[in-house]
Every structure is written in C-alpha cells, then in structure tokens.
Amino acid sequence: KVAIKGIERELICPACKELFTHPLILPCQHNVCHKCVKEILFAFEDSFADGGSESSNQSSPRIRISASSMDRIDRINRSGRKRNSLTPRSTLFPCPGCQRDIDLGERGINGLFRNFTLETIVERYRQAARAAIAIMCDFCKPPPQESTKSCMDCSASYCNECFKIHHPWGTVKAQHEYVGPTTNFRPKILMCPEHEMERVNMYCEICRRPVCHLCKLGGGHANHRVTTMSTAYKTLKEKLSKDIEYLISKESQVKAHITQLDLLLKETECNSERAKQEASQSFEKLYHVLEEKKSAALRAIETSKNIRLEKLQTQVEEYQGLLENNGLVGYAQEVLKETDPSCFVQTAKQLHVRIQKATESLKSFRPAAETTFEDFVVDTAKQEDILGDLSFHSNGLEIPEINEEQSRMYNKALICWECPGKTDSADIYVLEYHKLNREDESVTWQKTEVCGKSKVLSDLDDDSSYAFRVRGYKGSICSPWSREVILRTPPAPVFNFLFDDKCGYNNEHLQLNPRRTSVESRAGFPLLLGSERLQVGCYTTLDYIIGDTGIAKGKHFWAFHVEAYSYLVKVGVVPSNKIQKLFHNTHDVTSPRYEQDSGHDSGSEDAFFDSSQPCTLVTLGMKKFFIPATPAAPKDPASRILPLPSCLGICLDCDRGRVGFYDAGHMKCLYECEVDCSGIMYPAFALMGGAAVHLEEAVTAKYREYHDNI
C-alpha cells in the first residue's frame with residue numbers, strides 16, 4: 001500500500017496553495033479548485049472595471065495573483081469587459097500552473113470537467129491526516145453516533161441503526177451503493193458538460209478529453225479522431241504502469257543524483273563566497289572610483305547565486321518526487337487505483353506526460369545550474385576613463401539582430417529580433433529607440449525591458465522616422481548593441497474598416513471571408529458566361545466593393561495586400577454622393593480594343609477616363625503598380641510602371657483634398673493627386689478576373705500562446 005503523506009505537492013492547488021477542493025481540469029491539463037477559477041476570473045473582471053488597480057485584487061485572500069498575471073490583466077483590460085453577474089463572463093483564464101492564458105471556450109467554467117480521481121485522492125489524504133477524527137452520522141438525534149457507512153446514492157453518512165431505518169429491505173433504497181465512512185461523494189457516472197443528460201463513453205484524441213456520442217455526431221468533436229473509453233483506459237493504464245515501474249527500478253539512481261545535487265549546492269555556496277572575495281579585492285584597488293560599482297557587482301553575484309541555488313533546490317525536489325511512495329510517483333500510484341475508466345482517462349493523460357518528461361530527465365541528467373562564477377571576474381587593467389562602463393566579462397553572449405521583415409509599423413510598432421545562433425542565451429533584452437530629428441543634435445534614447453524577442457510600442461509619432469537597437473542581458477552581463485535599424489511610421493493615424501457586404505456587393509463574382517477582411521474575385525463560371533457577349537467594342541465590367549466606414553474630415557491611412565496572382569485591381573477612394581454611379585458606371589470598363597500595344601491614341605483615352613471616373617483609383621495587376629497618365633507624369637509609359645510592393649497604403653487628407661498611394665513596407669509615397677472631398681469618403685476597391693485583396697491587420701499586444709507538445 002502506497003503511503004499517502006509523501007505526495008502533498010501533487011495535491012496542492014497552484015492558485016490558493018491549499019488542498020484541492022472540487023478541482024476542475026483546464027484545457028492545458030492543469031487542475032485548479034472550482035472556487036479559485038471563479039475568484040480569479042472575478043478578480044480579472046474587477047480589475048477591468050477599476051483600471052487594473054492593485055487594490056482590486058485584495059477582495060479574496062484565497063488567491064494570490066502574481067505580477068505576471070497582473071501584467072496580463074492590464075493587457076486584457078483594453079477589451080473593456082465588465083463584471084455584471086454572479087457568473088464570470090471572461091473566457092480567457094490565466095492558468096496559475098503554466099502561466100499561460102487559456103481559452104475556456106464559449107461555455108467557460110461550465111465546459112470544464114471535474115477531476116473526481118484527484119478529488120478522491122485528496123479525500124484519502126485528508127482522512128489519513130485526521131485518522132483520529134471520526135465521521136459522524138448525519139441523521140442521529142443529538143448527540144450523533146459515529147457513522148459506519150456512507151451511501152453514495154444519498155450522499156450521506158449513517159450509523160448502523162439509521163442506515164436500517166432509511167434503507168429498509170424490500171425498497172429501492174435497499175439497492176443503494178454504500179462504502180465506508182467518507183465525506184467525498186461523487187456521481188457514479190461521469191456526465192458530459194456539453195450534453196448534461198448524456199454520459200461520456202468516448203475519448204477525443206485531439207482535445208484529450210472524454211466526450212459523449214452527441215459531441216461526436218454533431219458537436220464540437222464531429223471531425224475529431226475518437227476512441228472507445230475502454231481502449232483509452234487500457235492504453236493509458238499500460239503506458240503509465242510501465243513508466244512507473246521504470247522509475248521505481250531506478251530509485252538508486254535517483255538517490256545518487258540527489259546526493260550529487262546536495263554536493264553541488266555546497267560547492268555553489270563555497271564558490272560564490274570565493275567569487276565575492278575576489279571581486280572585493282579587485283574593487284579595493286580602485287576604491288575611490290569604484291565604490292558604487294563594487295556594491296553593484298556583489299549584488300549581481302548574490303542574485304546569480306540565489307537563482308542557481310533555487311534552480312538546484314528545485315531540481316532536488318523534483319528528483320525527490322521520483323522516489324517510490326513520494327511526490328509524482330506516489331501520486332501516480334494512487335491514480336492507478338482508480339477503476340472507473342472515464343475518471344482515470346481524464347486524469348491519466350496529463351500525468352502520463354509528466355511521467356514521460358521525468359523519465360527523459362532521468363535518462364539525461366544534467367544539473368540545472370553551473371557552480372562556477374567565472375563570468376564574474378572583474379577586469380582591473382582598464383584605465384579609469386572607461387570604468388563608467390565596467391561590467392563582468394561577456395562569455396559568448398550573442399548580439400541580437402532586429403528582423404526588419406517581421407517588424408511592422410502600423411497603428412503601433414511591432415519590433416522583432418532574433419539571435420544569429422538561434423539560441424535564447426539572454427535572460428532579458430533592452431530595446432532602445434529615439435526619433436530622428438535633424439534639428440536636435442543631442443540624442444535621448446528611450447528604453448524598455450523585454451522578456452521575449454518582440455515588443456509592441458504605442459507611443460510613436462505619425463509620419464516620423466525612428467532608430468531602434470537592442471542588446472541582451474544575462475545577469476549583469478550584457479551583449480554589445482545590435483545594428484541600428486531605421487523604420488518609419490505611417491503618415492497619418494490608421495483608419496480601421498471592413499469590407500461592406502451590403503452596399504453594391506456582388507456575391508456572384510466576389511467572395512468575402514467571414515471576418516470581412518479579405519475579398520477575392522474568381523475568374524470562374526459567371527465570367528465565362530459573360531465572355532459570350534465579348535466582341536470587338538464590347539466591355540467587361542469591374543466588380544466594386546467599398547469600406548463599411550466613411551471619413552468626413554482629417555487625415556487617415558490604411559494598408560492592404562494584393563495577391564501576386566491578381567490580374568487587375570483598382571484601389572482608391574470614392575465620395576458618398578458618387579457611390580451609386582460607381583456601381584452602375586458603364587464606362588469603367590476594360591476593352592480588348594484599347595490595349596497598350598494597339599496603336600490607339602492613349603492621350604484621348606486618358607482624357608476620357610479622367611472626365612468620366614466617379615472616384616479616384618489607381619491600377620494594379622500582374623505584379624505591377626501603374627502610375628496614372630497625367631500632365632505631370634512621365635511621357636514614356638514604361639517609366640510609369642513600378643514593381644508592386646508587398647504591402648500598399650493609402651493616405652487620405654480630407655482637409656487638403658489630396659490622396660497618396662504608398663509602399664507601406666517602407667512608407668514611401670509612390671503617387672499623389674488631388675481629390676474632391678466634398679462628401680464622406682469611402683475606401684474603394686475594384687477587381688476583375690482572378691484577384692484578391694487583404695486588409696492589413698492592426699498590431700496588438702498578443703496573448704501568450706499555448707503550444708501543445710503532444
């Protein structure tokens with residue numbers, strides 16, 4: 001029989017740091033108390049209402065929201081959600097186990113399974129801890145007698161006399177299932193949270209959760225791969241039993257690793273003290289100049305020591321959990337006692353992953369931290385004039401490089417960087433940037449610390465150039481600065497809109513995506529039928545679509561992508577008083593008679609188009625950007641044809657009555673002209689043949705993504 005007292009760490013809720021109470025299984029396979037889940041979501045929603053203030057988290061002493069969780073509160077706060085009911089409305093949950101934002105789905109808490117197996121083990125632990133405390137009968141008159149059995153159907157405990165009274169022979173209650181005295185009553189059958197009247201009888205291998213037959217037939221698991229519950233139960237139990245047997249057989253190896261880690265802890269202590277003494281001696285030589293630097297270096301060493309000791313101590317605790325009757329192995333052995341296939345499967349999958357990771361860690365043992373402090377050697381050979389930049393030697397810390405292709409300048413700036421060796425050798429990065437201004441001779445860099453390899457900046461001015469650089473830090477060691485990269489912001493605030501699927505939208509020729517951010521023109525059967533009427537002198541009409549939001553005043557900018565395979569696309573703006581004419585214009589056509597190489601007088605054709613167009617558009621297609629023929633444009637047609645940029649932008653200045661067309665990747669103006677802004681202006685697009693246009697997505701502070709390693 002496995003001792004229960006060695007597995008306390010597996011039975012503690014990561015949110016309240018107490019024993020689990022009605023634990024729920026999150027999509028990331030971590031367990032959290034039902035009450036803690038609600039309190040965390042309520043705390044988030046209270047923070048939305050109070051602007052993310054620290055005081056809004058103090059209402060519940062059970063949960064402890066970390067600083068990283070508070071950062072996510074501030075980030076989610078931009079959505080403007082408010083708490084207005086007894087049930088949390090948020091579906092994004094910050095898991096306290098893996099520190100990732102987990103999507104709970106449309107049903108939220110109601111879609112989570114209750115972990116009955118873990119609940120049973122916790123109750124077993126509680127009973128072992130209070131063995132001297134008896135469970136009393138629920139039906140005795142005072143004083144109550146000690147109970148002798150508990151009815152799982154009635155969810156109550158009875159003494160012998162009360163049990164006979166409430167479960168008389170010859171009645172239905174006489175057939176109830178009873179067990180020894182317990183306070184843990186769970187249903188006999190695990191029911192589906194999506195379909196409350198259906199029991200789970202299958203296991204979804206994609207979502208890794210039990211499902212019922214209705215989920216498979218027409219629910220969210222209709223196209224998923226499922227297996228029978230008995231098969232999943234047998235497979236998982238065999239794998240888990242085999243891995244546990246392997247860990248138990250390696251108990252001597254685990255103990256040897258623990259002994260080695262204890263020695264490493266002592267060695268780390270000694271080496272850190274030695275490093276501190278050497279650093280003190282080096283700084284004493286330059287005492288008058290380096291007194292402040294000395295204290296900073298000692299703090300750096302102390303911090304590094306604490307981090308290493310913490311990592312090594314954590315590794316010791318992890319390996320202690322691999323011993324028989326202790327920690328993870330003990331918890332797994334308790335899970336193996338579960339006989340209900342549904343309950344076992346929902347608990348065993350996540351546990352099996354942890355057992356596999358422990359097995360791999362055991363096969364390739366490696367200390368979690370280095371014991372030497374060679375990186376903390378102070379160089380005292382340099383002159384005093386460079387002591388202001390004194391730091392510990394950089395031992396191979398890579399210089400990061402800003403990735404200009406992944407970086408974006410739109411409504412906000414997204415700056416991305418990477419290390420040449422593709423290794424994340426730095427613990428933290430410092431991104432600096434400043435606005436380029438010819439008038440200012442002095443440069444003041446703005447600084448921000450980043451834990452990852454990208455940063456979203458929202459405090460940049462429009463129509464300005466900025467220089468960016470980044471460096472990595474590992475403790476007090478830093479890399480040199482990266483090469484400076486200059487990026488330019490859009491010429492005006494970004495204008496957000498979607499394609500309008502109502503006004504003039506031709507759903508026979510055009511196809512919108514569900515979000516209305518992409519439109520595609522297909523050269524399919526309708527165009528083929530239309531070609532029957534195509535003769536010399538006949539025309540094929542363009543298919544127009546406009547934005548769903550108009551502009552009345554001010555200066556605005558928007559960007560979009562045109563697919564490289566697009567045959568013909570026109571982009572620009574149209575006033576509200578000419579929208580009807582736009583969708584019924586018979587002159588805005590393409591004629592096979594008037595090809596560029598047909599010898600037709602292009603001057604008269606341009607004059608015809610200039611006088612008849614209801615809107616201001618430029619032509620794109622076949623990977624080219626065509627500058628319209630105007631008196632100021634070059635006479636040679638070839639010089640008016642430019643390569644099509646990967647991202648195009650339009651800047652409309654209603655106050656000045658001008659519209660500009662930009663290479664949005666470099667914020668370079670390709671063409672600008674006057675436009676009549678007497679009415680409300682709408683973004684306009686026209687497509688013919690095979691073509692597609694995608695609106696540029698706004699830059700947002702992205703949530704952390706959860707990557708499934710299974």
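**Briefing: sheet, helix packing and buried residues**

Serine 518 stands opposite histidine 694 in S35. The model is predicted, so local features require pLDDT of at least 70 and side-chain atom pairs count only at pLDDT 80 or more, whereas totals for chains, interfaces and linings use all residues. Residues are numbered from 1 along each chain as its sequence is written, and side-chain values use heavy atoms, with hydrogens and water left out. Helices (H or I, at least four residues) and strands (E, at least two) are DSSP runs, numbered from the N terminus.

**The open sheet**

- Strand S22 (residues 518–521) and strand S35 (residues 691–695) run antiparallel and are joined by 4 bridges; two strands count as paired if DSSP finds at least two bridges between them.
- Both belong to an open sheet of 7 strands with antiparallel pairing, in the order S21-S22-S35-S25-S31-S32-S33.
- The edges are formed by strand S21 (510–512) and strand S33 (668–674), each of which pairs on one side only.
- On average, neighbouring strands of this sheet are turned by 20° against each other, direction ignored.

**Packing of H6 against H9**

- Helix H6 (residues 229–249) packs on helix H9 (residues 327–335) at an angle of about 145°, with the axes 11 Å apart; axes are lines fitted to C-alpha atoms, for helices over the stretch in contact, and angles run from 0 to 180 degrees between N-to-C directions.
- Ile244, Leu247 and Ile248 of H6 make the contact with Val329, Ala332 and Gln333 of H9, where contact means heavy atoms within 4.5 Å.
- By class, this contact of H6 with H9 comprises 5 nonpolar residues, 1 polar residue and no charged residues; Ala, Val, Leu, Ile, Met, Phe, Trp, Tyr, Cys and Pro count as nonpolar, Asp, Glu, Lys and Arg as charged, and the others, Gly among them, as polar.

**The annotated segment and Phe283**

- An unreviewed UniProt entry annotates residues 258–285 as "coiled-coil region"; such annotations may be inferred rather than shown by experiment.
- In the model, residues 258–285 are 96% helix and 0% strand, with the end C-alpha atoms 41 Å apart.
- Phenylalanine 283 is found in helix H7 (residues 251–284) and counts as buried because its relative accessibility is 3% (buried means under 20% relative accessible area, exposed over 50%, partly exposed in between; 1.4 Å probe, protein chains only).
- Phenylalanine 283 and lysine 293 are 10 residues apart in sequence, and their C-alpha atoms are 8.1 Å apart in space.

**Thr227**

- Threonine 227 lies in strand S11 (residues 226–228) and is buried, with a relative accessible area of 16%.
- Leaving aside residues up to four places away in sequence, threonine 227 touches Met202, Tyr203, Glu205 and Ala232.
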